[in-house]
Amino acid sequence: MFFDHIPASRPIGAHRGARSLAPENTLPAIEKAHALGAHFVEIDVRLTVDGHLVVFHDDTPRRTTSVVASPLAARAAHHVDTFTLAELRSLDAGSWFAATDPFKTIADGEVPQTDLSGFPGTPIPTLAEVLAFCRGHDFPVNVEIKDHAGRPGHEAITPEVLALVRRTQTRDLVLVSSFNHHYLTQAAALDPDIPRAALFEHRLPRDIRNHLRSLEAAACHPDHAIAPPAVVQSLLEAGLRVTLWTVNDPARARTYPPAAGVITDVPQRFL
């Protein structure tokens, strides 16, 4: 399973791929993460209006695609789940990276010109494409299921993700995570052998260990700002896995017990 493929000490996950070196949640970013030697890649998954799983982070396509300059410009602020797969695939999800240099890695010379020239026209990938890459390279993948609460895909997205994982024969490579813990409960019922991680952002539950046990979660993925080293150590001692996000400073990572993993935008600084 997923944890059998990553090291026991300081596993490094590439956040949305190597997103400081390539457009996030695209195949170039995932390929770069693998080439750097990241121990796993973390991606985000959403459901389209016509029932396809796409790898995309934001609620809307405005920030990381060409939607404002496309025939779909009037819908730039619409939720991703109101678009068809074909509509999303018509957008350029790569050119924005060079235009904005979000991590200043282009200005610093970390991104080769040969890489930059290949980014324009990069499409939003499907989850099937990413899982195919991961299977072909035995590359573990943390699939974060984005919150669809109150949206049409709320009850469908988790079963669809797990069904695709089975079809692509990637059950041994996948860890499912979500801020919506209902999805973790669903996943436990549908395929208990695929490990699950609970995401936390603003605070940890008072009795975090019992909360995780109630979810049958194998791991806790907190924002590092809400998880001091002593808390992380207590979770590790309880037999839970802990991976902190988003840690971009190697010195910060070293303040945590070695068994704690990190998810980072800059895997090149850790590897």
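A polar contact is a pair of N or O atoms within 3.5 Å; within protein, one must be able to donate a hydrogen and the other to accept it, and residues adjacent in sequence count only if both atoms are side-chain atoms. At the start of α7, such a pair places a side-chain oxygen of Asn-180 within 3.0 Å of the backbone nitrogen of His-182. The structure is a predicted model, in which local features need pLDDT of at least 70 and side-chain atom pairs count only at pLDDT 80 or more, while totals for chains, interfaces and linings use all residues. Residues are numbered from 1 along each chain as its sequence is written, and side-chain values use heavy atoms, with hydrogens and water left out.

**Overall architecture**

- The protein contains ten helices and nine strands, which are DSSP runs numbered from the N terminus (helices: H or I, at least four residues; strands: E, at least two).
- Its radius of gyration, taken over C-alpha atoms, is 18 Å, close to the 18 Å that the globule rule gives for 271 residues, so the protein is as compact as a globular protein of that length. The globule rule is 2.2 Å times the number of residues to the power 0.38.
- Along the principal axes, the C-alpha atoms fill a box of roughly 55 × 45 × 35 Å.
- Of the 271 residues, 54% count as buried, meaning under 20% relative accessible area (1.4 Å probe, protein chains only).
- Contact means heavy atoms within 4.5 Å; among contacts between residues at least 6 apart in sequence, 62% join residues at least 24 apart.

**Helix α7**

- Helix α7 spans residues 181-190, and its buried residues are His-181, Tyr-183, Leu-184, Gln-186, Ala-187 and Ala-188.
- The cover over these buried residues includes the strands β4 (141-145), β5 (174-178) and β6 (196-200), together with the helices α6 (157-167) and α8 (208-215).

- Asp-44 lies in strand β2 (residues 40-47) and counts as buried because its relative accessibility is 1%.
- The side chain of Asp-44 makes a polar contact with the side chain of Asn-25 (3.0 Å).
- Not counting residues up to four places away in sequence, Asp-44 touches Arg-16, Asn-25, Val-54, Val-55, Phe-56, His-57, Glu-144 and Lys-146.
- Arg-16 is located in the loop between β1 (12-15) and α1 (27-36), and it too counts as buried, at 9% relative accessibility.
- With neighbours within four places in sequence left aside, the contacts of Arg-16 are Glu-24, Asn-25, Ala-29, Glu-42, Asp-44, His-57 and Arg-63.

Technical notes
Buried < 20%, exposed > 50% of the residue type's maximum accessible area, 1.4 Å probe, protein only.
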